[in-house]
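Hello,

Here is the structure you asked to take over. Please have a look at the chain first, then read the notes below.

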Amino acid sequence: GKPVSKKVTPHPSPIEPIIAEAKIDDGRLYYDKRWFHRNQPVFVESKDMGKFTGVITTVGSQEIWIRKIPDNCKMRISVGQLEKGQIFLRRR
């Protein structure tokens, strides 16, 4: 007989799991069971940008700003990026 074409139903995209707990409270960032504050030196690691050192310059309501040490440019990191594991933050 004739081959029967099977309809493929697309699977819904899986929701990205939370890798690490991250929250901002009282002007400080709680991430990876540690508190981070303004003017604290940190290591930042990302798949896109690699590893670099920086200093937390601002802690907002849903994001932090980091000044990269090598070139002094500022970078915005949201709480969601930390939770999803897109960016990793470590103490220096």
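I66 is buried, with a relative accessible area of 0%. Buried means under 20% relative accessible area, exposed means over 50%, and partly exposed lies in between (1.4 Å probe, protein chains only). I66 sits in strand 6. Helices (H or I, at least four residues) and strands (E, at least two) are DSSP runs, numbered from the N terminus.

Two notes on the source. This is a predicted model, where local features need pLDDT of at least 70 and side-chain atom pairs count only at pLDDT 80 or more, while totals for chains, interfaces and linings use all residues. Residues are numbered from 1 along each chain as its sequence is written, and side-chain values use heavy atoms, with hydrogens and water left out.

Back to I66. Contact means heavy atoms within 4.5 Å. Neighbours within four places in sequence aside, I66 is in contact with residues including V42, V44, G54, I56, C73, M75, I77 and L89. I66 and V42 are 24 residues apart in sequence, and their C-alpha atoms are 8.7 Å apart in space.

**The core**

A nonpolar core is a set of buried Ala, Val, Leu, Ile, Met, Phe, Trp, Tyr and Cys residues joined through side-chain atoms within 4.5 Å. The largest one has 18 residues. Which of them touch the most other members? They are Y31, V44, I66, I77, L82 and L89. At least two core residues each come from strand 2, strand 4, strand 5 (50-59), strand 6 (63-68), strand 7, helix 1 (79-84) and strand 8. Strand 5 gives the largest share, three residues. I77 touches V44, E63, I64, I66, L82 and I87, not counting residues up to four places away in sequence.

**The sheet**

Strands of a sheet pair through backbone hydrogen bonds, either parallel or antiparallel. Two strands pair here if DSSP finds at least two bridges between them. Five strands make an open sheet, in the order 7-6-5-4-8, with antiparallel pairing. Strand 7 (74-78) and strand 8 are the edge strands, and each pairs on one side only. From one strand to the next, the twist averages 40 degrees. That angle uses axes that are lines fitted to C-alpha atoms (for helices, over the stretch in contact), and angles run from 0 to 180 degrees between N-to-C directions.

Strand 4 (residues 41-46) pairs with strand 8 through five bridges, in the antiparallel sense. V44 stands opposite L89 in strand 8.

S78 belongs to strand 7. S78 is buried, at 15% relative accessible area. Beyond its neighbours within four places in sequence, S78 is in contact with Q62 and E63.

**The hairpin**

Strand 1 (residues 22-25) and strand 2 run antiparallel, joined by four bridges. D25 stands opposite R28 in strand 2. Two residues lie between the strands of this hairpin, and D26 takes a positive phi near 55 degrees.

**The salt bridge**

A salt bridge is a side-chain nitrogen of Lys or Arg within 4 Å of a carboxyl oxygen of Asp or Glu. How many are there by this rule? The count is one salt bridge. R90 and D32 form a salt bridge through their side chains, at 3.3 Å, N to O. The pair links distant parts of the chain, 58 residues apart. R90 is in strand 8 (residues 87-91), and D32 is in the loop between strand 2 (28-31) and strand 3 (34-36). R90 is partly exposed, at 38% relative accessibility. D32 is also partly exposed, at 36%.

Best wishes
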